[in-house]
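How do helices pack against each other and against their surroundings? Here is a short report on that topic.

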Amino acid sequence: MTYRVLQWGTGAVGREALRGILDRSDLTLAGVKVYTDAKAGLDAGELIGRADVGVRAALNVEDLLAEADCVLYTPRTPSVDEVCRLLSAGVNVVTTSFAFHPARMDAVDRDRLLSACRTGGTSLHGTGLNPGNLGVIVPLALSGMCREIERVTVQERADWSMYDSVDITFDQMRFGAPPDEVTEQVESLRFTSDLFRQQVWLLGDTLGADLDEVVTDLEVIPASADRDVFGRTLQAGTVAGQRWRWSGRSAGATRVEVETLWTVAERQPAHWPTPQHGWTITIEGTPSVRTHVMTLASFVRDVPLAEHVQSASVATAMQAVNAVPGVCAAAAGFTTMADIPFVWHRP
Ligand SMILES: NC(=O)c1ccc[n+]([C@@H]2O[C@H](COP(=O)([O-])OP(=O)(O)OC[C@H]3O[C@@H](n4cnc5c(N)ncnc54)[C@H](OP(=O)(O)O)[C@@H]3O)[C@@H](O)[C@H]2O)c1
């Protein structure tokens, strides 16, 4: 069976998804939606440095929806209106941008998305790296070895100065803003924080942790000097580090925690934990299990730093691309990472 996939957005993740769709033998490219005027009309191959493939990017792809089984939705900021339109038009949606555990989303958005799935007979799936394979699927896979689980912890340690999606770094994540303006009350941070809260709920709900609440804690640190980040300046004194903790509690005890230790070319303060860069997953239980994972362009070849950084976008995109067949085959409604059949690589 071959699935026709429309790629929605051609940023760092979207371009890697395009490569993945073109390379996977059971997927065909049904169209490419872009937001940038200068990209409209370009061949999809040109957008990723390959020969033309005969599919042109467009600002408006509504007329292509009837020819698509699935939209691979990777815009910077998702639109619930837009995704409802896609789902109710009969197109499944796999996204790296939101909907990691839609059942725990804002109730109004959740109900609209579910109703759109039912109207279109379609499924919505959120996935990626973290939240995604490393933040949800790996902990769940490890839990299969445990008789009892006291606590699951997912830690992500990263230096964002190497991440070239600067709109996300500065505008969405508010690095470079004055410290008192970086709080969970800021709209874009509330949105991002909610994604990780959904991740904690998904782990807790799936593992039967009986969570009562997910509590958020944020600490920011200032830059000690001006920093250049892909042509934008992060000024001394503005935010250069964010330590977030989303703690899922049952009867006051933390049972599931996601922690991010994010800096932009700044040393971590001494009181922050120091897991290795990348992702560390720890289960305290019987038995206790820990693993550290990182994505690199290669562990054997000498490659430029930019390629190592890009490998995280490849991983994010490929987890979504490889989920397409499972999501297209799923029943109408929300298909979480805990519901979908195991996702693995296929050429
Ligand atoms: N789950 C995970 O592990 C994970 C990991 C990384 C990223 N993500 C998420 O994946 C998504 C894509 O990330 P990225 O690194 O590819 O970002 P990016 O490189 O900054 O790409 C931005 C994308 O947003 C599009 N865009 C431009 N203006 C827009 C607008 N007004 N509204 C909505 N989108 C607009 C761009 O369109 P063009 O196609 O015209 O360039 C491009 O496709 C983001 O939501 C990000 O948070 C998730």
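Helix α5 passes helix α7 in a right-handed crossing, meaning that the near helix is turned clockwise from the far one by less than a right angle. This is a predicted model, where local features need pLDDT of at least 70, side-chain atom pairs count only at pLDDT 80 or more, and totals for chains, interfaces and linings use all residues. Residues are numbered from 1 along each chain as its sequence is written.

The crossing of α1 and α8 is right-handed as well. Two packed helices are described by the angle between their axes and the distance between the axes. The table gives both.

| Helix pair | Axes come within | Crossing angle |
|---|---|---|
| α5 (residues 133-143) and α7 (residues 187-207) | 10 Å | roughly 25 degrees |
| α1 (residues 12-23) and α8 (residues 305-321) | 8 Å | roughly 50 degrees |

The angle makes α5 roughly parallel to α7 (under 35 degrees). In α5, G135, V136, P139, L140 and S143 meet Q199, L202, L203, T206 and L207 of α7; contact needs C-beta atoms, placed from the backbone, within 7 Å. These residues divide into six nonpolar, four polar and no charged.

Now look at helix α3 (residues 80-88). V83, C84, L86 and L87 are buried there, with 20 or more other C-beta atoms within 10 Å of their own. They cover an arc of only 160 degrees around the axis, so they sit on the same side of α3. Their cover includes β4 (70-73), β5 (92-95), α4 (107-120) and β6 (123-126). Just after α3, G90 takes a positive phi of about 95 degrees.

Definitions and conventions:
Axes fitted to C-alpha atoms, helices over the stretch in contact; angles between N-to-C directions. Helix = DSSP H or I, 4+ residues; strand = E, 2+ residues; numbered from the N terminus. Parallel < 35°, antiparallel > 145°, perpendicular 65-115°, else oblique. Contact = placed C-beta atoms within 7 Å. Nonpolar A, V, L, I, M, F, W, Y, C, P; charged D, E, K, R; others polar. Buried ≥ 20, exposed ≤ 12 C-beta atoms within 10 Å, placed from the backbone. Arc of directions from axis to C-beta.
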